[in-house]
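Let's take a quick tour of a protein model, stopping at its cores, a pocket and a couple of residues. Have the picture open while you read.

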Amino acid sequence: METKPIKNIVIAGGGTAGWIAAVALSKKLSGAVSSITLVESDDIGTVGVGEATIPPIRVFHKLMQIDEQEFMRETDATFKLGISFEGWKNIGADYIHSFGKTGKEAWLAEFVHFWLRAKEKGFAGDFGDYCYELQAAKQNKFGLSPGADINYAYHLDATKYAKYLRKISESHGVKRVEGKISSVNQDASTGFINSLQLDSGTLIEGDLFIDCTGFSGLLIEKTLHTGYEDWSHWLPCDSAVAMQTELTEPAIPYTRSVAHRAGWRWKIPLQHRVGNGLVYSRQHMSDESAREKILSDVNGKPLNDPRVIRFRTGCRRKNWNKNCIALGLSSGFIEPLESTSIHLFIMGVTRLMQMFPFAGVHDSVVEEFNTQSRKELEMVRDFIILHYKVTNRTDSSFWSYCKNMDVPSSLARRIEVFQEAALAFQREGELFRVDSWSQVMLGQGIMPSHYHRIADQMSDKELKRFLETMKFGIDNAVDKLPLHHNFIEQYCKTKPH
């Protein structure tokens, strides 16, 4: 492999992924590289609908020394405590997958085992009764205080977020070049990328190239022909219609995911508008039907025309090929059901910084990067497939297909062990915690056959008191929280548009 030292980094494409890469690299590697150049064209639109996030974004912001209140004002952001899944198990059946920890576990067994025993005895509340964040979400409450720990993420305007990160990046030396890439030049002997040729004739040379060109994969695929593994047999939705509407009610602190006969619909409340989208399978719903449905389902005046977005779930066979690293949509795509897109962008650039090829590109590093990237994406993939596979819905051909489809063996095993023994687990390096797996499996309708018998060591009286005390503490804490929109008003209100 090429052993030329890496001094000049070129990021092809802007958007959220490109500017996340720019801000991270300029903040953390500025003294170790000579230049960071980002190329983007004002004429090429970005997908720009990734408006919901998950809690690890706060860690990234802290590392980047991003002020929360400033960031939220700049991006029209609101707080997010979880996702409400409506109509996924059955039509009319809802549950919330929250970001909080549910109950208190023992050394040998998670809380779900104690809850199952209490349920068997007839004195357990809903599983979500024992989660602070979930109860706060249900009551549209949110607050921050030194004495009350709450796990949260954000809803944000993705376009404004990219602009905000651009401002930080440029203040740390990133050079933005406006222009459309007309060709990609490679070394004749190694196949490594040497430069990007712009329509204007400008030549952008570099040692390492980061492909943030979205679904097109201009560098990683159209130039290097890396290949793509299709996962649409497990995740059959292949299109979305996105639009924005005026806010008609106070913003709630959670994302809504509403299942329909051929997919699902998102509703993401920002401070001054709502992001809406209808995800669907074209095999089961036409574009025209999707447009009609989203227009009939949304509340509030539309702020733009419904826009169709095509996608294909799957992953690039290599995220790092030669001297090119794919980040964002160019590396693969898993539909945004659990708001993982921005997180995966962040993890990709973090992994790159941890394995950065200062002395040159080496096979062993590239292979390890690709192994870790794929493993991470497969674990997220399995969690998303779970929502489709475990359903009681058979009211349409779409849901019948999902209910009866074969799933990856890694997921099939997870479902089986939870069903048989209430065992949920978090693998090394896995994003979703035990709480997430338990909440979604129970919410989708899996009721385990058995629980760990350590739960029997508590008497009925002790177990009942344990649950009642926990619920009382949570209810009391939630009662003290302000309403979400009131907290936004005093903490991070944006200027009127």
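Start with a term: on a 1 Å grid over the protein atoms alone, a pocket is an open set of points where a 1.4 Å probe fits, with protein on both sides within 12 Å along at least five of seven lines, and its lining residues have an atom within 4 Å of a point. This is a predicted model, where local features need pLDDT of at least 70 and side-chain atom pairs count only at pLDDT 80 or more, while totals for chains, interfaces and linings use all residues. Residues are numbered from 1 along each chain as its sequence is written, and side-chain values use heavy atoms, leaving out hydrogens and water.

**The second largest pocket**
- This pocket is lined by 21 residues, and Tyr 95, Asp 126, Phe 127, Gly 128 and Gly 443 are the ones nearest its centre.
- β5 (94–98), α4 (111–121), α5 (132–138) and α12 (434–444) each give two or more residues to the lining; these helices (H or I, at least four residues) and strands (E, at least two) are DSSP runs, numbered from the N terminus.
- Its volume is about 500 Å³, meaning the space filled by probe spheres set on the grid points, which are joined across faces, edges and corners.

**The nonpolar cores**
- A nonpolar core is a set of buried Ala, Val, Leu, Ile, Met, Phe, Trp, Tyr and Cys residues joined through side-chain atoms within 4.5 Å; buried means under 20% relative accessible area (1.4 Å probe, protein chains only).
- The largest one has 134 residues, and those touching the most other members include Ile 11, Leu 25 and Phe 79.
- Helix α9 (residues 363–389) gives the most to this core: nine residues.
- There's also a second, separate core of 16 residues, with Leu 196 and Phe 209 among them.

**Thr 78**
- You'll find Thr 78 in strand β3 (residues 78–80), and it counts as buried because its relative accessibility is 1%.
- A polar atom of the Thr 78 side chain lies 2.7 Å from the backbone oxygen of Pro 269.
- Beyond its neighbours within four places in sequence, Thr 78 is in contact (heavy atoms within 4.5 Å) with residues including Met 72, Tyr 154 and Ile 488.

**Glu 430**
- Glu 430 sits in the loop between α11 (409–421) and α12.
- Glu 430 counts as buried because its relative accessibility is 7%.
- Leaving aside neighbours within four places in sequence, Glu 430 is in contact with Met 379, Arg 414, Phe 425 and Trp 437.

Definitions and conventions:
Buried means under 20% relative accessible area, exposed over 50%, partly exposed in between (1.4 Å probe, protein chains only). A polar contact is a pair of N or O atoms within 3.5 Å; within protein, one must be able to donate a hydrogen and the other to accept it, and residues adjacent in sequence count only if both atoms are side-chain atoms.
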